Amino acid sequence: MTSHEKALLAIKVPPAPTIQFRNFSFSYKGQLLFDRLDLDLATGCWNLLLGRSGVGKTSLLRALAGLLPDTSYSGEILFDGKKLVSDQVSWMTQDDLLLPWLSVVENSLLGNRLRAWSRSPFPIIARNKAENLLRALGLGEHLHKRPAELSGGMRQRVALARTLLEDRPVVLLDEPFSALDALTRSEMQDLAFEQLMHKTVIMITHDPREALRLGHDIYLLKGSPVQLTRVSPPETVPLRSGFSSELQWCENRIIAELSLAGEIM
Ligand SMILES: Nc1ncnc2c1ncn2[C@@H]1O[C@H](COP(=O)(O)OP(=O)(O)OP(=O)(O)O)[C@@H](O)[C@H]1O
């Protein structure tokens, strides 16, 4: 390996920043979705968001990604006490956004390509890393296929690979495992959890059990404007599994909290 290649591999991702919403209000077409929200998200942890469809979960991710028009919100979202800097956040949206004319590997490296890293002296390293990750995601047989040749679950895994390869300190995941069968879902959760160790992850799910498996912190979004309730999962570390009475109790509590507020997911 050349010294240039060693230098590239030695590049460290900056540590996950603290994230604070301060007095954050957001309206969409006259509907006040968030009203003076104050929220501190745990750094280097998985923060899970649950709530009924349309309550405002994706809007919260959009706000974190810096994608809300300036005129639509007030208040602040602070990363280590400052405004968002580009390259801090990667976002896996509900739609996989794969480009139909690119192969699986090329789609997974889209971020590199857009930043013209593919013209850097190290395209082989990036490509090898992508191919290894895609193999770990069970896509080894499909590296050179186009998205149209893949199932929904496979496409979702390519989108997950692209997000993981971005290697940003803050990762936003909008229902990343929803198209997967139960076994693949559990395997992909394990892999994503390992890959995103020490990053701040904010993930939306409709599945209380998934939230309890992965979450260091769990937030329920209810009502309009949104009220956030924090639910503490069991003391054990994620990836929690099995059917312990404590997990069952927490799952029942989440469902009860959302039903009490008339929230049906
Ligand atoms: N850019 C936008 N385009 C369309 N609708 C929006 C937009 N931003 C906010 N909204 C509206 O804000 C509300 C919250 O939407 P949001 O997508 O945040 O909900 P959600 O909780 O993520 O829903 P789901 O679980 O169905 O994805 C909805 O009524 C939605 O129509």
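Is Phe34 counted as buried or exposed? In this predicted model, Phe34 has a relative accessibility of 0% and therefore counts as buried.

Four aromatic pairs are present in the structure. In one of them, the ring centres of Phe21 and Phe24 are separated by 5.4 Å and the ring planes meet at 70 degrees, so this pair is classed as edge-to-face; the class applies because planes over 60 degrees apart count as edge-to-face. Phe21 is buried, because its relative accessibility of 0% falls under the limit of 20%. Phe24 likewise has a relative accessible area of 0% and is therefore buried.

Phe24 also pairs with Phe34, with 5.8 Å from centre to centre and 50 degrees between the planes, an arrangement that is tilted. This pair joins distant parts of the chain: Phe24 lies in strand E1, which covers residues 19-28, while Phe34 lies in strand E2, and the two are 10 residues apart. Phe24 thus takes part in an edge-to-face pair with Phe21 and in a tilted pair with Phe34. Together with Tyr73, the residues Phe21, Phe24 and Phe34 make up one aromatic cluster.

The ligand is surrounded by 14 residues, of which Ser53, Gly54, Lys57, Thr58 and Ser59 are the closest. Sorted by class, this shell consists of eight polar, three charged and three nonpolar residues.

An N or O atom in the side chain of Tyr28 is 3.1 Å from a nitrogen atom of the ligand. For Arg62, a polar side-chain atom is found 3.2 Å from a ligand nitrogen atom. In the case of His206, an N or O atom of the side chain is 3.2 Å from an oxygen atom of the ligand. The ligand taken alone exposes 640 Å², and 69% of that area is buried by the protein.

Two or more residues of the shell come from each of two elements, strand E2 (31-41) and helix H2 (57-64). Helix H2 makes the greatest contribution, giving four residues to the shell.

Key:
Residues numbered from 1 in each chain as written. Predicted model: local features only at pLDDT ≥ 70, side-chain atom pairs only at ≥ 80, totals over all residues. Heavy atoms only, no water. Near = heavy atom within 4 Å. Polar contact = N/O pair within 3.5 Å; in protein donor to acceptor, adjacent residues only side chain to side chain. Areas by Shrake-Rupley, 256 points an atom, 1.4 Å probe, with all protein chains shown as cover. Nonpolar A, V, L, I, M, F, W, Y, C, P; charged D, E, K, R; others polar. Phe/Tyr/Trp six-rings, centres within 6.5 Å; stacked < 30°, edge-to-face > 60°. Buried < 20%, exposed > 50% of the residue type's maximum accessible area, 1.4 Å probe, protein only.
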